[in-house]
Amino acid sequence: MASELQRKWWKEGIVYQIYPRSFQDTTGNGIGDLRGIIQRLDYIKDLGVDIIWLNPVYVSPNDDNGYDIADYRNIMPEFGTMQDFDELLSGMKERGLKLIMDLVVNHSSDEHPWFIESRKSRDNPYRDYYHWWPAEDGVPPKRWSYFDVDGDAWNYDKTTNAYYLHIFSEKQPDLKWENPKVRKEVHDIMKFWFDKGVDGFRMDVISFISKDTEFPELPEKYQGDFVSFYTDGPKLHEYLHELHTEVLSKYDVMTVGEAPGIGLDKALDFVDESRGEMNMFFHFDLMALDREENEVFLMRKDPWKLTEFKKIHSEWDAVFAEKGWGSMFLNNHDFPRSVSRWGHDSRTHWFKSATMLQTFLLTMRGTPYFYYGEEIGMTNIKFENFSDYKDINTINRYHTIEMQGGDTKAFLENEKDASRDNARTPMQWDSSEHAGFSTIRPWLQVNENYKEGVNVSDQSEDAYSVLNYFRRMIQIRKDNLGLVYGDYQLLQQDNEEIYAYTRTAGASRFLVLLSFTTQRTSINLSELAFNKAKLLISNDDVQAVEGKTFPMYAYQACVYQLD
Ligand code: GLC
């Protein structure tokens with residue numbers, strides 16, 4: 001149990017991610033706001049979570065819902081004021097909750113004063129804050145953009161007869177980290193929020209910040225895999241280390257990088273403590289599991305397999321067994337709802353699979369991240385019509401397909417499972433109109449199943465709800481430090497129905513059994529030495545264990561303490 005030697009609050013804490021636009025509206029404009037979060041702080045505290053991660057709340061024209069920032073030191077008026085923010089932070093501190101913010105500094109908004117200046121003239125003092133390619137040098141080498149309708153990351157700007165780089169939408173120009181002034185700006189922004197008392201940052205696409213500013217033609221080995229190319233920037237680690245030295249090392253804060261494209265082989269380069277970079281990062285191996293290769297938004301044709309799911313988690317656990325630390329998540333604002341994706345959102349299996357997945361996150365090593373609504377088993381909305389969507393990603397990809405004469409119907413089918421809007425529908429507080437989120441029709445439709453028990457108020461009353469299971473399961477993790485730091489051992493890796501593992505910390509040993517099937521099944525664990533298995537929690541009736549055979553109902557989760 002190597003990591004126990006370095007106990008940290010951010011290893012033991014449980015994170016609750018809030019997408020502020022969708023959490024709670026208090027002004028009656030159909031958009032969530034900071035006062036809404038303040039109003040719900042007791043609820044959040046009662047869940048048993050410790051850390052709130054807020055998606056961006058800064059001033060933004062909202063081309064990409066706040067991931068396009070026009071002022072890093074002020075609050076988006078739709079969400080409230082800096083006073084509201086301060087009140088939120090002090091309300092959290094009073095309750096012993098920590099706050100991490102989203103740091104979006106691979107790019108800014110094109111409406112940020114830096115970019116407004118930068119595009120004015122080639123000799124503007126801010127010119128070098130962004131990546132420009134003079135048009136007299138010809139068309140720049142191909143770079144791929146996520147949200148651009150024609151997939152081109154270079155946008156021609158007539159004022160100065162040059163192209164600027166935007167890996168995301170054309171309203172999200174990439175900042176030029178190679179310029180020390182830009183790095184200094186980032187350091188100052190971070191200090192500004194730390195000095196206010198913020199406890200850390202989730203660092204948006206941090207693996208993309210370093211670029212080869214010569215912009216060579218895309219090397220052969222990256223053809224078809226731009227993501228790996230973007231993460232292979234020459235000075236990435238130099239910049240991360242500098243952030244640590246200049247800023248992070250001076251505060252007791254946590255950092256978790258969003259790191260698309262970072263695989264097992266590079267993991268420790270980011271989080272090995274001795275390197276002084278970041279604490280944790282999100283890898284995307286699980287998020288890629290049900291997608292086509294190198295197509296993170298396209299559902300794969302054949303179903304994903306439990307053995308693949310186990311392999312991903314077992315390998316990632318092993319990487320951090322001695323050094324670094326992992327982060328565990330099943331969904332976030334960029335991916336569909338976990339119960340619809342990894343469980344089963346039919347009436348029959350919804351409760352069991354939602355609670356089984358919670359059990360999984362709360363019994364693995366690594367910091368667990370829950371996304372608002374996951375505690376009540378919120379599901380994908382599966383929009384029928386294109387006009388229901390609000391996400392730039394779905395909208396622009398639809399237009400691309402339309403332009404190319406592609407199959408828009410098939411695309412809309414794909415989006416029912418894949419769209420980011422599945423995860424962004426308003427929080428379901430109660431069974432009143434608009435689910436208690438707002439008094440008017442919200443910015444994005446509410447999932448109708450708020451009327452059928454998928455809401456906080458109904459579930460609070462019910463001892464056997466997803467919500468109350470979540471609270472109990474959190475308590476079990478809190479009571480058993482071995483579930484945080486203990487060694488992980490996978491059992492029966494070839495089993496396609498049950499995910500079984502032990503967690504061991506000194507003399508205490510836990511057995512976790514998770515059924516990922518709609519059928520009754522059982523698992524024989526004769527290979528495991530133990531005298532007694534004492535049940536700590538299950539989401540269903542537990543059938544008698546015969547010898548070492550554990551019968552399991554569909555999507556059942558059981559956690560035992562072994563003697
Ligand atoms: C990250 C965010 C995503 C955003 C993108 C561009 O992937 O999580 O929501 O669209 O970066 O900032």
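Two strands are said to pair if DSSP finds at least two bridges between them, and strands (E, at least two residues) and helices (H or I, at least four residues) are themselves DSSP runs, numbered from the N terminus. The structure is a predicted model, in which local features need pLDDT of at least 70 and side-chain atom pairs count only at pLDDT 80 or more, while totals for chains, interfaces and linings use all residues. Residues are numbered from 1 along each chain as its sequence is written, and side-chain values use heavy atoms, with hydrogens and water left out.

By the pairing criterion, E7 and strand E8 (residues 162-165) are joined in the antiparallel sense over 4 bridges, and within this pair aspartate 157 stands opposite alanine 162 in E8. Both strands belong to an open sheet of 3 strands, with the order E6-E8-E7 and antiparallel pairing. The edges of this sheet are formed by strand E6 (132-134) and strand E7 (154-157), each of which pairs on one side only. Neighbouring strands of the sheet are turned by 30° against each other on average, direction ignored, where axes are lines fitted to C-alpha atoms, for helices over the stretch in contact, and angles run from 0 to 180 degrees between N-to-C directions.

Another open sheet has 5 strands in the order E16-E17-E18-E22-E20, again with antiparallel pairing. E16 and strand E20 (533-538) stand at its edges with a single partner strand each, so one side of each is left without a neighbour in the sheet. From one strand to the next, the twist averages 25°.

At one end of this order, strand E16 (residues 487-491) and strand E17 (residues 498-505) run antiparallel and are joined by 5 bridges.

Helix H10 (residues 306-319) lies across E16 and E17 and runs at about 20° to E17, whereas helix H16 (residues 466-479) lies across E20 and strand E22 (557-562) and runs at about 140° to E20.

Most residues other than glycine have a negative phi. Asparagine 294 is placed in the loop between strand E12 (291-292) and strand E13 (295-299), and alanine 435 in the loop between helix H14 (408-418) and helix H15 (456-461).

The ligand is surrounded by 14 residues, of which the closest are Asp64, Asp204, Glu258, His333 and Asp334; a residue is counted here if one of its heavy atoms lies within 4 Å of the ligand. By class, this shell has 4 nonpolar, 3 polar and 7 charged residues, with Ala, Val, Leu, Ile, Met, Phe, Trp, Tyr, Cys and Pro taken as nonpolar, Asp, Glu, Lys and Arg as charged, and the others, Gly among them, as polar. Polar contacts are pairs of N or O atoms within 3.5 Å. A polar side-chain atom of glutamate 258 lies 2.8 Å from an oxygen atom of the ligand, a polar side-chain atom of histidine 333 lies 2.8 Å from a ligand oxygen atom, and for aspartate 334 the corresponding distance to an oxygen atom of the ligand is 2.4 Å. The protein covers 96% of the 300 Å² of accessible area that the ligand has on its own, as computed by the Shrake-Rupley method with a 1.4 Å probe.

Terms used
A polar contact is a pair of N or O atoms within 3.5 Å; within protein, one must be able to donate a hydrogen and the other to accept it, and residues adjacent in sequence count only if both atoms are side-chain atoms. Contact means heavy atoms within 4.5 Å.
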